[in-house]
Amino acid sequence: MTLVSDELHLKSEELNNYWMPFTANRQFKGAPRLIAKAKGMYYWDDQGRQILDGIAGLWCCNVGHNHPRVVEAIQKQAGVLDYAPPFQMGNPLQFELANRLADITPGSLNKVFYTNSGSESVDTALKIAIAYHRARGEGSRVRLIGRERGYHGVGFGGIAVGGMVANRKMFGTLMAGTDHLPQTWNLKEQAYSHGQPAWGAHLADELERLVALHDASTIAAVIVEPVAGSAGVLIPPVGYLQRLREICDKHGILLIFDEVITGFGRLGTAFGSQALGVTPDLMTVAKGITSGTVPMGAVFAKDEIYDTFMSGPPHMIELFHGYTYSGHPLACAAGIAVQQVYQEEGLFQRAAELAPYFELAVHSLKGAPHVIDCRNLGLMGAVELQGRAGSPTAKAFEVFLKCYERGVLIRTTGDILAFTPSLIVQKAEIDRIFGTVREVLETVAA
Ligand SMILES: Cc1ncc(COP(=O)(O)O)c(C=O)c1O
């Protein structure tokens, strides 16, 4: 079946002008991988080759690709209202989506601030945290604590609290007034953990050390991913997030969960917060909010935080922050349709039911060549490889390319392979993903 029209084939000289993000541009342009179409669990490239998507696009297409209900909602909305100004004006869809989201968020995280990406959500949440303390008369609380190996997008705030060195080292002094908790993954203590590792809750106590160093009166917020995704699926130790919550409460520090990946069913509940039993004060999301179809992100704030801003003369703007495309009509239409699909198809529950099968599949690679760890939680999984001496990332990248040639899309970070299929994945597709990876691992040199 040829799914792709001739216009979609590009000649090599036509690849020059696009500077691709987080991509080895020269490698890519020498051997392009051009995705032309999608449906359900599958992509088709520009040659018409079918590719099983093992990573939900980029941890985002949770309802599967081109879901008819979502396609229809976006198409319809484009013909009704293309754009409306979001400052001092609104559109009905923004409120409808916010109400639907507030229905599924934990605790009093009912107030929704729209952004267009995870990076914007993170910078928005950091700004809200600092401004919140100021509004309460604690303007000295400006310090932001992140974590080593954290990924919080690519804005200056996000890379300052983030902890992936390659994303930080080229960009100068970043933002002043940040510090970092230690990362939580330890191969010796945690290798081949099924779900949350037993070892490591004590690493949260490092927050007490940072408080002792800086004093609580200077610290606005701590931001962590409930499960660190982009650094290679680092699962929080049992009790770790609970301990962070306790220490934040003790010192009046806001806890921010970056749920850009763990939001919208990835861990078998609406948010990772619910699966892991800890409620933050602010939560950042993106990706699954529209299942990747139209760019959108959001910050969820506790009612108390929002209420703190609602003082002063009512005609005054309370928060001097927002984006031209905050709550864009197309994104809201997509978001509403996606939330309906999650609910009507029971996809969060489906993810929870599939998680044990997925866990066995991830761990089936124990003992395969090069593998030094397998880990999983919900529908997030990773397999860590022994890197090639003197050539870090090369082995995993080779595995990625060979899987792609065999029609399976996975993701790599460093020498770690990551797996995050859409919540509609079938068991046979899980088998195919991990079966292909095993086959490929057997062909790769040490
Ligand atoms: C936890 C987390 N935060 C923020 C981001 C940034 O999102 P975006 O790429 O939409 O800016 C990502 C992206 O993967 C993420 O995983």
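In this predicted model, strands β5 (residues 143-147) and β7 (residues 219-224) run parallel to each other and are joined over 3 bridges. One of the residue pairs can be named directly: Ile 145 finds its bridge partner in Val 222 of β7.

This pairing belongs to a wider arrangement. The two strands sit in an open sheet of 7 strands, ordered β4-β10-β9-β8-β7-β5-β6, in which the pairing is mixed. At the edges lie β4 (111-115) and β6 (178-181), each of which pairs on one side only.

Helix α5, spanning residues 118-135, touches β4, β5, β7, β8 (254-258), β9 (282-285) and β10 (297-301). The direction of α5 makes about 25° with that of β10. Helix α9 (residues 206-214), for its part, lies across β5, β6 and β7 and runs at about 155° to β6. Both helices therefore meet β5 and β7, given that α5 touches these strands and α9 lies across them, with contact taken as C-beta atoms within 7 Å.

Attention can now turn to the ligand. The surrounding shell comprises 14 residues, and the closest are Ser 117, Gly 118, Ser 119, Gly 153 and Val 260. Sorted by class, the residues around the ligand are 7 polar, 5 nonpolar and 2 charged.

Terms used:
Residues numbered from 1 in each chain as written. Predicted model: local features only at pLDDT ≥ 70, side-chain atom pairs only at ≥ 80, totals over all residues. Pairing = 2+ DSSP bridges. Helix = DSSP H or I, 4+ residues; strand = E, 2+ residues; numbered from the N terminus. Contact = placed C-beta atoms within 7 Å. Axes fitted to C-alpha atoms, helices over the stretch in contact; angles between N-to-C directions. Near = placed C-beta within 6 Å. Nonpolar A, V, L, I, M, F, W, Y, C, P; charged D, E, K, R; others polar.
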